[in-house]
Amino acid sequence: SVRELVNIVKLSEWLQGQFQAAWQAVDSILLPTQLATAWRGTTRNLNDRADDDAEYLITRVKVLDMGQPSQSGTLTRAALLIGMTPINDTQMNLGLHICPLGESVTALQDIQVRLLDEDGMEVGQASAAMTETIQFQFSGQIGESFSVAITIDDRTLTEAFEI
């Protein structure tokens with residue numbers, strides 16, 4: 001069988017403490033202030049505890065390198081933050097957040113993020129022009145696949161996941 005070139009991140013393995021090297025502990029990459037604002041403004045269910053700071057059971061971060069700076073001096077590095085909390089044996093709550101790295105905080109408006117289902121169809125889209133932060137929250141079944149396409153200028157990085 002022909003294997004796809006895309007490396008699929010199996011999120012269910014995170015529950016067993018198995019992480020690929022690229023996915024690091026959040027505090028090794030982000031400053032506490034960046035972390036504090038990462039999940040700010042998250043939507044809640046009525047069942048959520050008020051003192052729960054919308055933090056996830058497992059959170060990992062990957063640094064995305066978009067290559068050489070563009071002529072507009074656009075940000076070339078960002079952090080992709082994934083948060084995950086099991087709902088039950090078959091479902092997960094997931095959070096996804098894009099964080100700029102370096103001095104270029106305003107460069108967030110140059111980023112567009114698309115959430116794609118397992119067939120590559122767009123199911124969500126966000127850019128900082130629409131909101132202060134770029135984040136998605138959704139739930140999914142174990143075994144489901146999705147991917148995240150991050151575009152800065154004319155460069156796109158795609159990360160593939162399986163819950």
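Start with the rings. There are 5 aromatic pairs, where rings of Phe, Tyr and Trp (its six-membered ring) pair if their centres lie within 6.5 Å. Planes under 30 degrees apart count as stacked, over 60 as edge-to-face and the rest as tilted.

Select Phe138 and Phe146. Their ring centres lie 5.1 Å apart with the planes at 80°, so this pair is edge-to-face. Phe146 belongs to strand β9 (residues 145-152) and Phe161 to strand β10 (residues 155-162), so the pair ties together parts 15 residues apart in sequence. Strands here are DSSP runs (E, at least two residues) and helices likewise (H or I, at least four), numbered from the N terminus.

Buried or partly exposed: what is Phe138? Phe138 is partly exposed at 22% relative accessibility. Phe146 is buried, at 9%, and Phe161 is buried too. The cut-offs: buried is under 20% relative accessible area, exposed over 50%, partly exposed in between (1.4 Å probe, protein chains only).

Now widen the selection to Trp14, Phe19, Trp23, Phe138, Phe146 and Phe161. Ring pairs link these residues into a cluster.

A word on the source. This is a predicted model, in which local features need pLDDT of at least 70 and side-chain atom pairs count only at pLDDT 80 or more, while totals for chains, interfaces and linings use all residues. Residues are numbered from 1 along each chain as its sequence is written, and side-chain values use heavy atoms, with hydrogens and water left out.

Next, the charges. The structure holds 3 salt bridges (a side-chain nitrogen of Lys or Arg within 4 Å of a carboxyl oxygen of Asp or Glu).

- Select Glu162 and Lys10: the closest N and O atoms are 3.3 Å apart. Glu162 is in β10 and Lys10 in strand β1 (residues 8-10), so the bridge ties together parts 152 residues apart in sequence. Glu162 is partly exposed at 22%, and Lys10 is partly exposed at 31%.
- Select Glu159 and Lys62: the closest N and O atoms are 2.9 Å apart. Glu159 sits in β10 and Lys62 in β3, so parts 97 residues apart in sequence are tied together. Glu159 is buried at 9%, and Lys62 is buried at 18%.
- Select Glu122 and Arg114: this bridge spans 3.6 Å, N to O. Glu122 is partly exposed at 41%, and Arg114 is partly exposed at 28%.

Leu15, Leu57 and Ile142 form a nonpolar patch with about 270 Å² of accessible area together. Such patches join nonpolar side chains (Val, Leu, Ile, Met, Phe, Trp, Tyr) within 5 Å, from residues with over 30% relative accessible area and no salt bridge. Where is Leu57? Leu57 is in the loop between α2 (32-38) and β3 (58-65). Leu57 is exposed, at 61% relative accessibility.

Finally, zoom out to the chain. The chain has 2 helices and 10 strands, in the order β-α-β-α-β-β-β-β-β-β-β-β from the N terminus. Of its 163 residues, 39% count as buried.

Methods:
Patches are made of residues with over 30% relative accessible area and no salt bridge: like charges are joined within 9 Å, nonpolar side chains (Val, Leu, Ile, Met, Phe, Trp, Tyr) within 5 Å. Accessible areas come from the Shrake-Rupley method with a 1.4 Å probe; for residues, only the protein chains shown count as cover.
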